[in-house]
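Biologist: I would like to go through this model term by term. For each label, please give me the value and the cut-off behind it.

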Amino acid sequence: MATTLEYFGILAPQLILLIFALVCPALSLWLKMRKGIAYWTLAGFAIVGVMETLALIPATQSLVPFLQWSTAAPHTEIFEVSAFSQLFTIVFVFVGALVTIASPEYIKGEKHHGEYYALILIAVTGMSFVATAADLIVIFVGIEIAGISSYALTAFQKSTKRSTEAATKYFIIGGFSSAITLFGISMIYGAGGSTNLRVLGDNLVIGGSLDPIVILGIGMIIVGIGFKIAAVPFHMWAPDVYEGAPTTITALLAAGSKKMGIAAFFKLFLVALLAYKADWDVAIGIIAILTMTVGNLVAIQQTSVKRMLAYSSIAQAGYILIAIPVATDYALAGGLLHVVTHAAMKSGAFFVLVALATAGLGEKLGDFSGLNKRSPFLAFSMAIFVLSLAGIPPLAGFTSKFVLFSGAIFGASDGQGWLVWLAVAGVLNSALSLFYYARIIKIMYMNDAPVKAKLMIPKSVKIAIGAALIATIVIGIYPEPFIDAALNAAHDLSGLLPLGR
């Protein structure tokens, strides 16, 4: 049994974020300058981000021994600190920090700034709980903490009808998917006799025979978590919610909340349910292909860039799902690396929309006409983000897709030849996506601007875009440390596999 001190050490990131969240509403009463609340929130993310990064790097782990965050940290029955959890927490904190930086100017006309930033902190806390979980119940609770905060953030612009509509739809779908997930978890628990992922996996191995209750539970978890990550055919809510939510929150949902669902998928299927891999790997492979294909095909038809990016985000989830049926360390590293790169390039693309909104423009393709003449920085940034999303070298998206797709090809050499089709589908869909990404670039650089005046972009939004831009370029040009981090996280996840594998 872990001591109280060990629990505090393991849960230090989440506790720090919660403390900062609790103070935010009070700051809204004390501070006349609303940006001060954003600075406070950013400080919380910075503290957790720096300390988790130091804990993730072996050479610097000795700098934070008092927190017991390293991969050698004692684990409890319900929490598991590893390179996997640290990598995901860094991604969540990075996205939360960028959303915080971009928010002050975007929401300056709204009330309740303290609650807004508190909810962002709480949402990231829930996401981090999922990444650190070693127990079915903790995964569910983390998903719900992040989900309830996200429902409120989606409805933050109360005067905007589509924001309220999106929140209502998100709440209904979210509650429905949570109920299905919980029902599936109860079936898995009933068959395995434990909620601990590692013990559950061992028990299912010992059980040996095919249990229809487990199969039904697996199906319900695929449906429930599939809704969370907007996998086809459970994706119908995402475009409407992404379009109706405040654009800063759309970035949080696409680059953060969806990655939380991916983390849950990885832990549930590659730790607790690996004994039944032969029963679920083809199903998830088919869902991966359908998700990337439908997402890209529907994105081509969109005239709203925000909605186009929503369908693009669906397609990107399909790419990441490739790693699960392959289930080798290298393929898992590719999936984790794509989680990192997608968080940077997708959030950056949405922040460009935030910049246009603060300048009085909309989200349609026509609003990008001649953008290069009105704001070269925004046009260049958007071009880099969409080219990276398409997988064009030497950008981050190319690096992560290369590792991910090659992982599927190498996995096919182990006697599962059908896995190569996951890589083929990924490559073909990446080529297909270039069609609508290139259309954005063409409109920005080749169309005439309806108005010649330069756009006035807030510095805070530029900083958020610049940080995402730097990450997108640096990971592509110098990927080695990021690949190593992803490999370490994949190795730690496979190290959590049930005994005897």
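Biologist: Why is Ala327 called partly exposed?

Modeller: Ala327 has a relative accessible area of 26%. Buried means under 20%, exposed means over 50%, and partly exposed is in between (1.4 Å probe, protein chains only). Ala327 is therefore partly exposed at 26%.

Biologist: Where do these values come from?

Modeller: This is a predicted model, in which local features need pLDDT of at least 70 and side-chain atom pairs count only at pLDDT 80 or more, while totals for chains, interfaces and linings use all residues. Residues are numbered from 1 along each chain as its sequence is written, and side-chain values use heavy atoms, with hydrogens and water left out.

Biologist: What is pLDDT here, and what is its mean for the protein?

Modeller: pLDDT is the predictor's confidence in each residue, from 0 to 100. Its mean over the protein is 87, and 91% of the residues reach 70 or more. Where pLDDT is low, the predicted coordinates should not be read in detail.

Biologist: Where is Ala327, and what is noted about its phi?

Modeller: Ala327 is in the loop between helix H14 (323-326) and helix H15 (329-358). A helix here is a DSSP run of H or I with at least four residues, a strand is a run of E with at least two, and both are numbered from the N terminus. The phi of Ala327 is positive, about 60°, although Ala327 is not a glycine. His112 also has a positive phi of about 60° and is not a glycine; it lies in the loop between helix H4 (83-106) and H5.

Biologist: Are His112 and His113 buried, partly exposed or exposed, and what makes them so?

Modeller: His112 has a relative accessible area of 44%, so it is partly exposed. His113 has 4% and therefore counts as buried. His113 is in helix H5 (residues 113-132). Leaving out residues up to four places away in sequence, His113 touches Arg34, Ile37, Ile107 and Lys108; a contact means heavy atoms within 4.5 Å.

Biologist: What makes Ala423 buried or exposed?

Modeller: The relative accessible area of Ala423 is 3%, so Ala423 is buried. Ala423 is found in helix H19 (residues 420-446). Not counting residues up to four places away, Ala423 touches Phe405, Ala408 and Ile409. Its C-alpha atom is 9.5 Å from that of Ile289, 134 residues apart along the chain.

Biologist: Which peptide bonds are listed as cis, and what are their omega values?

Modeller: The bond from Val232 to Pro233 is cis, with omega near 10°. Another cis bond joins Pro393 and Pro394, with omega about 5°. Pro233 is in the loop between helix H9 (212-228) and helix H10 (238-244), while Pro394 is in the loop between helix H17 (376-390) and helix H18 (396-412).

Biologist: How do you know whether the radius of gyration fits a compact globule?

Modeller: The radius is taken over C-alpha atoms, and the globule rule is 2.2 Å times the number of residues to the power 0.38. For 501 residues a compact globule would be near 23 Å; the protein has 21 Å, so the value agrees. Buried residues make up 62% of the 501.

Biologist: How many helices and strands are there in the protein?

Modeller: The protein has 21 helices and 0 strands.
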